[in-house]
Amino acid sequence: MPCPGSIGYGSSSAWTDRPVWSLSCLYVRKRYRRRGVTFQLIAEALEVARRANAPALEAYPFEADVSPSASGSGYASTFARAGFRVVARRTPARPIMRYDFKQIADHRL
């Protein structure tokens, strides 16, 4: 069975010099789309980053209501469901979203 999806990541922020991991792209094969695979890829990326003690994970998705195409980066609403928050916006269609592990941990205390 072919892999339903894949992710790409790096280790620098798109908008600040603060160290973060970056989830730069997601790919889901056509026959697996609209089945929650993107959310699962995001969840796995969060777990890998958490285990590696990354301070935060950043993503650069599209807003579905502004751009119908999320080619390779996913939709902002999917990242929001996973706990990411908008931290900057360079264009209306492309928010910079971040999952800050320390902030989340402090909030749970």
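In the predicted model, strands β2 and β3 together with helix α1 form a β-α-β unit that is right-handed. The two strands of this unit run parallel and are joined by 3 bridges, and within this pairing Ser 22 stands opposite Glu 58 of β3. On its other pairing, β3 is joined to β5 by 4 bridges in an antiparallel arrangement, where Leu 57 stands opposite Tyr 99 of β5.

The side chains of a regular strand alternate between the two faces of the sheet. In β3, Ala 56 and Glu 58 point one way whereas Leu 57 and Ala 59 point the other way, and all four of these residues are buried. Ser 22, which lies in strand β2, is counted as buried because its relative accessible area of 5% falls under the 20% limit. The side chain of Ser 22 makes a polar contact of 2.9 Å with the side chain of Tyr 60.

Nonpolar side chains tend to be buried together in soluble globular proteins. Here the largest nonpolar core comprises 20 residues, and those with the most contacts inside it are Leu 23, Ile 42, Leu 46, Leu 57, Phe 79, Phe 84 and Phe 101. Two or more residues are given to this core by each of β2 (21–28), α1 (37–51), β3 (56–59), α2 (76–81) and β5 (94–100), with α1 providing the largest share, 6 residues. When residues up to four places away in sequence are not counted, Phe 84 touches Ile 42, Leu 46, Leu 57, Glu 58, Ala 59, Phe 79, Met 97, Arg 98 and Tyr 99.

Conventions:
Residues numbered from 1 in each chain as written. Predicted model: local features only at pLDDT ≥ 70, side-chain atom pairs only at ≥ 80, totals over all residues. Heavy atoms only, no water. Core = buried A, V, L, I, M, F, W, Y, C linked by side-chain atoms within 4.5 Å. Buried < 20%, exposed > 50% of the residue type's maximum accessible area, 1.4 Å probe, protein only. Contact = heavy atoms within 4.5 Å. Polar contact = N/O pair within 3.5 Å; in protein donor to acceptor, adjacent residues only side chain to side chain. Pairing = 2+ DSSP bridges. Right-handed = clockwise from strand over helix to strand, strands pointing away.
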